[in-house]
Amino acid sequence: MLVSAKEMLRKAKAEKYAVGQFNINNLEWAKSILLTAQELNSPVILGVSEGAGKYMCGYTTVVGMVKGMIKELNITVPVAIHLDHGSYEHALKCIEAGFTSVMFDGSHYPIAENVKKTKELVKLANEKGISVEAEVGAIGGEEDGVVGNGEVADVEECKMIAGLGVDMLAAGIGNIHGKYPENWAGLRFDVLEEIGKATNPMPLVLHGGTGIPSDMIKKAISLGVSKINVNTECQLSFAAATRKYIEEGKDLQGKGFDPRKLLAPGAEAIKATVKEKMELFGSVNKA
């Protein structure tokens with residue numbers, strides 16, 4: 001069922017597990033994630049970047065596709081469609097298109113501008129029952145054209161943004177998008193603990209979930225992280241399985257590949273990745 005992320009994250013925070021946000025890029029990705037969530041009886045958040053939204057013919061198309069899948073696949077677990085790292089303008093578009101959750105990434109603005117735009121979006125989203133995620137301290141690395149310098153969030157700024165009525169807060173604590181370098185210093189749990197105390201009971205969000213060691217994931221959840229984003233790991237598993245299928249030369253038949261068969265191994269790889277993450281996050285049987 002299609003819902004906002006508000007209640008699922010409140011429940012996750014209270015019971016000390018995290019809901020996975022898995023970004024979608026096409027029908028196969030969305031289908032794999034929804035089927036895995038249903039199989040594991042886990043709530044799930046489908047993340048959509050601005051670039052992915054454009055690729056899939058716009059936000060209205062994304063909403064229609066997901067609603068159709070929920071009906072045709074008999075998906076009964078809670079599902080949220082969430083704009084990931086959205087600009088102010090695209091958050092407005094997603095609110096109008098029928099998304100049930102949006103992230104406004106105002107981390108690159110001065111704090112006063114971040115506060116102003118966040119307040120405006122919260123008011124509009126609340127009127128439609130849509131959950132809002134805000135960000136303080138840019139997440140490092142690059143994801144779908146969004147570049148962050150890996151800032152560590154200011155605790156007082158986090159407290160300020162959390163007080164605006166947002167439903168979840170992403171705070172930079174040394175996490176980055178993409179693959180983590182060998183010299184990565186790890187998560188700043190001291191900062192996370194301070195942010196958690198200053199913003200309690202606000203559910204916190206950990207971006208860049210790919211490559212963070214399991215023990216760090218579990219500690220972050222114990223300190224209030226209730227939503228964890230995964231994208232790169234799905235991309236890597238999908239690409240590896242697809243490449244292997246092509247290299248093995250299956251289904252050529254002199255006429256080229258059947259696209260349904262070509263994408264099937266990648267779709268299965270995503271299912272395996274999502275299952276592994278849901279089990280790690282503790283969201284299995286929490287729907």
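Predicted model: local features only at pLDDT ≥ 70, side-chain atom pairs only at ≥ 80, totals over all residues.

Visitor: Which side chain makes a polar contact of 2.7 Å with the side chain of Ser-101, apart from that of Ser-131?
Guide: Residues are numbered from 1 along each chain as its sequence is written, and side-chain values use heavy atoms, leaving out hydrogens and water. A polar contact is a pair of N or O atoms within 3.5 Å; within protein, one must be able to donate a hydrogen and the other to accept it, and residues adjacent in sequence count only if both atoms are side-chain atoms. Besides the side chain of Ser-131 at 2.7 Å, the side chain of Ser-101 has such a partner at 2.7 Å in His-82.

Visitor: Which residue's side chain makes a polar contact of 3.2 Å with the side chain of His-207?
Guide: You will find His-207 in the loop between β9 and α9, and at 0% relative accessibility it counts as buried. Its side chain makes a polar contact with that of Glu-133 at 2.8 Å. The partner at 3.2 Å is Asn-229.

Visitor: Where do the buried residues of α9 fall, seen down its axis?
Guide: In helix α9, residues 214-222, the buried ones are Ile-217, Ala-220 and Ile-221. The arc is taken from the directions from the helix axis to the C-beta atoms. These buried residues line one face of the helix, because they fall within an arc of 100 degrees.

Visitor: How are α5 and α6 oriented to each other?
Guide: Helix α5 (residues 88-97) and helix α6 (residues 111-127) pack at about 0 degrees, their axes 11 Å apart. Axes are lines fitted to C-alpha atoms, for helices over the stretch in contact, and angles run from 0 to 180 degrees between N-to-C directions. Angles under 35 degrees count as roughly parallel, over 145 as roughly antiparallel, 65 to 115 as roughly perpendicular and the rest as oblique. Therefore α5 and α6 are roughly parallel.

Notes: Buried < 20%, exposed > 50% of the residue type's maximum accessible area, 1.4 Å probe, protein only. Helix = DSSP H or I, 4+ residues; strand = E, 2+ residues; numbered from the N terminus.
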